[in-house]
Amino acid sequence: MTILHLRRARTSLVLDARGPGLPRVVHWGGDVGDLDDDGLRQLTDATVPPVVPSSFDQPTVLSLLPEASAGWSGRPGLAGHRDGRDWSTSFRLDGVDVRDLGPDPSRLAAGGESVGVLPCDGGHGGPGAALLTVRASDPAAGLTLTTEITLDPHGLLTVRHRLRNDGDSGYELRELTPVLPVPAVATELLDLTGRWCRERSPQRHPWQHGAWVREGRHGRTGHDATLLLVAGTTGFGFGHGEVWAVHTAWSGDHVTFAERRPTGESTLGGGELLAPGEVRLGPGETYETPLLYAVWSDAGLDGLSDVLHTHLRARPGHPRSPRPVTLNVWEAVYFDHDLDRLRALADRAAQIGVERFVLDDGWFRGRRDDTAGLGDWYVDKGVWPDGLQPLIDHVTGRGLQFGLWVEPEMVNPDSDLFRAHPDWLLAVPGRLPPAWRHQQVLDLGRPEAYDYVRERLDTLLTDHPGIRYLKWDQNRDLTEAGHHGRPGVHGQTLAVYRLLDELRARHPGVEIESCSSGGARVDLAILARTDRVWASDCNDALERLSIQRWTGLLLPPELIGTHIGPHRSHTTNRVHDLRFRAASALFGHHGIEWDIASISAAEQTELAAWVTLHKRLRPLLHAGRVVRVDHPDPAVWAHGVVAGDKSRAVYAVARLTTSVTQVPGAVRLPGLDPGRRYRVRRVPGVPAPATIELSPPTWLAGGGVTLSGAALARVGVQLPALHPEQSLVLEVDAVD
């Protein structure tokens, strides 16, 4: 058929679709230039592997869907059967469609009969997304495969398979997984793991032969989800190295993997992790994989984040209004809901500059602790005899938005809902799954359970139009999640998506946060339906530095809730002063999780100053390019945000622990225009961090320094001798 070359934003995808089988991915990564028909043929031919002794008589090439019938002996792209038959496929290409989805479809060009090229202004900027659709079938197996690949204007690739059962009997699907090749120069792997209150912990190792497989069997994304699986050249960092990465956009059970074969191939892939019998396609039925997001950069991890953040910010549904500074009252009152106390919190919040007030768990019927009430989504008249409206009116009367906590997917056995409908659980018949936080999971795949939850939430929002925000929580794994005797995670995940979609359509002005025991549901599928994520239930400022840094690998700052907690963390018992807590929370979707009604006048003044600083910097923080510094001292972390036009920036430098060296080395400030001059100073208006020095660095004592972007990136500025668990925030402005 053809050779196809998609080009966007310095990224190329080349596919060989000339053979009768599925297309081969010749190249995914850096732009290969403006190749003509002959150049593409020669590139394609030059990358075909040789035939070697003790191997197949024909070259084994990796297609869009790896098949044993083509000689592939690694992880299969498709696994399934029809009562033990049709377990192996040999798809034949039926057709390829390619078009430009951008503002100027005429930019789509075909290079003769053999080559189709999607140009892009020499590989920079240019039109919208390119869409490639591949259609293939295997009549003997009774299956049709459709693959959709998009390359967006920023260089982000997405891949999705659709499988249709064309046979006259059922087909049980076990796995359908998009896979992409990675060149041999990628020698190291990095991904993330974690647990409750310790999400997004990086782990890194050499990429050796075999498969590095990350499976999530939590029924949700998971605290230990890899987020991004990154393969890169030796020693890659935040600002250097060539890297390839994938993200599985799915909020249920999933798999993400890297595989290196002794035959020479290296692949990254990911998809849904299906339980036995979970997806059985009847005649004519279709299964669609989650989107696999794939991104390449030659500028290290920050380059990956830049592509992903730019893509997310370009979405039509991305939050456009300034992200409101939020007070969540959970750590202030817990289940002790007293109207006068909550009014006092709202009054203090308004004085400090808060813009959104969120009433957390405990407002609904029977909910005096976490053992009862989930599922009974009616305002508790014993606690709220006049309903929520008096509090809503008080909050909105002070100029704040009002938000409310809900956990719609869950039920307590001690609830009216459970007593009336014990059969509505996501469970194996005859027994309950192990309890988790005294709760079970509602089977939203049951129409009657789904309709109940939708009606309750819809009525709640309709009756209280002042609710402009839902903190949507989900506090347990889906263990032994049965639906009518069969596995139910797949159906539950789709039902949650449908519920969110319907509520947003009915109440378009209501924003929703994805919270799941903190950061256990952070992925791009849930983010397509929500406006931010709660990165962790841990508000310890030191722990949060790491959690937020690595969550930011995927998400821009405005989508990550970052709150100032109390001076003593309720999850770690660690104590921090307000300067460090505020600096750690400054860069994200800013908020407070603290009993601010009981703080001193001095603390109130300082907290208000930090809120004012965040609001002043917010247009930059929530639109600029995120940079993270590769500093040689592990006790020193630095990160920042640089404006798109490089006219200004803000950086934070944190001292995590003591160092072997008495004074840490100069910290480089990357991302600025090397040819422009910048003034660097400590941000005004907030207290300086605590230091151990007898005298500060000269430039800092003098109120700042003016240097070129090149000097700041290559030399940097000397830090003061910060105490451990202190942060210095620097503001940088172009002076010419």
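The following conversation goes through some features of a predicted model and asks what each description rests on.

Biologist: Before we turn to single residues, what makes β12 and β15 edge strands of their sheet?

Modeller: Four strands form an open sheet in the order β12-β19-β18-β15, with antiparallel pairing. In that sheet β12 (179–181) and β15 (210–216) each have a single partner strand, so one side of each is left without a neighbour, and this is what it means to say that they stand at the edges. From one strand to the next, the twist averages 10°.

Biologist: How do you know that β12 is paired with β19?

Modeller: A pair needs at least two bridges, and three bridges join β12 to strand β19 (residues 266–272), the two running antiparallel. For V179, the bridge partner in β19 is G269.

Biologist: Why is H5 called buried?

Modeller: The word applies under 20% relative accessible area, and H5 has a relative accessible area of 1%, so H5 is buried. This residue is found in strand β1 (residues 2–8), and its side chain makes a polar contact of 2.9 Å with the side chain of S12.

Biologist: Which value puts P324 in the buried class, and what is P324 in contact with?

Modeller: P324 has 6% relative accessibility, which is under the 20% limit, and therefore P324 counts as buried. It is found in the loop between α2 (300–313) and β23 (326–328). Leaving aside neighbours within four places in sequence, P324 is in contact with E355, R356, Q401, H589, H590 and R618. By contrast, P324 and L173 lie 45 Å apart in space, C-alpha to C-alpha, and 151 residues apart in sequence.

Biologist: How do you know that the length of helix α11 agrees with what its residues should span?

Modeller: Helix α11 (residues 601–621) has 21 residues, which at 1.5 Å a residue should span 30 Å, and because its end C-alpha atoms are 28 Å apart, the two values agree.

Biologist: What can be said of the span of α7, and what do its buried residues pack against?

Modeller: Helix α7 (residues 447–463) has 17 residues and reaches 24 Å from its first C-alpha to its last, close to the 24 Å expected at 1.5 Å a residue. Its buried residues, including Y450, V453, L457 and L461, pack against β25 (401–406), α6 (416–420), β28 (467–472) and α8 (489–506).

Biologist: Why are Y334 and H438 called partly exposed?

Modeller: That class lies between the 20% limit for buried and the 50% limit for exposed. Y334 has 31% relative accessibility, so Y334 counts as partly exposed. H438 has a relative accessible area of 42%, and therefore H438 is partly exposed as well.

Key
Residues numbered from 1 in each chain as written. Predicted model: local features only at pLDDT ≥ 70, side-chain atom pairs only at ≥ 80, totals over all residues. Heavy atoms only, no water. Axes fitted to C-alpha atoms, helices over the stretch in contact; angles between N-to-C directions. Buried < 20%, exposed > 50% of the residue type's maximum accessible area, 1.4 Å probe, protein only. Polar contact = N/O pair within 3.5 Å; in protein donor to acceptor, adjacent residues only side chain to side chain. Expected span 1.5 Å × (residues − 1). Contact = heavy atoms within 4.5 Å.
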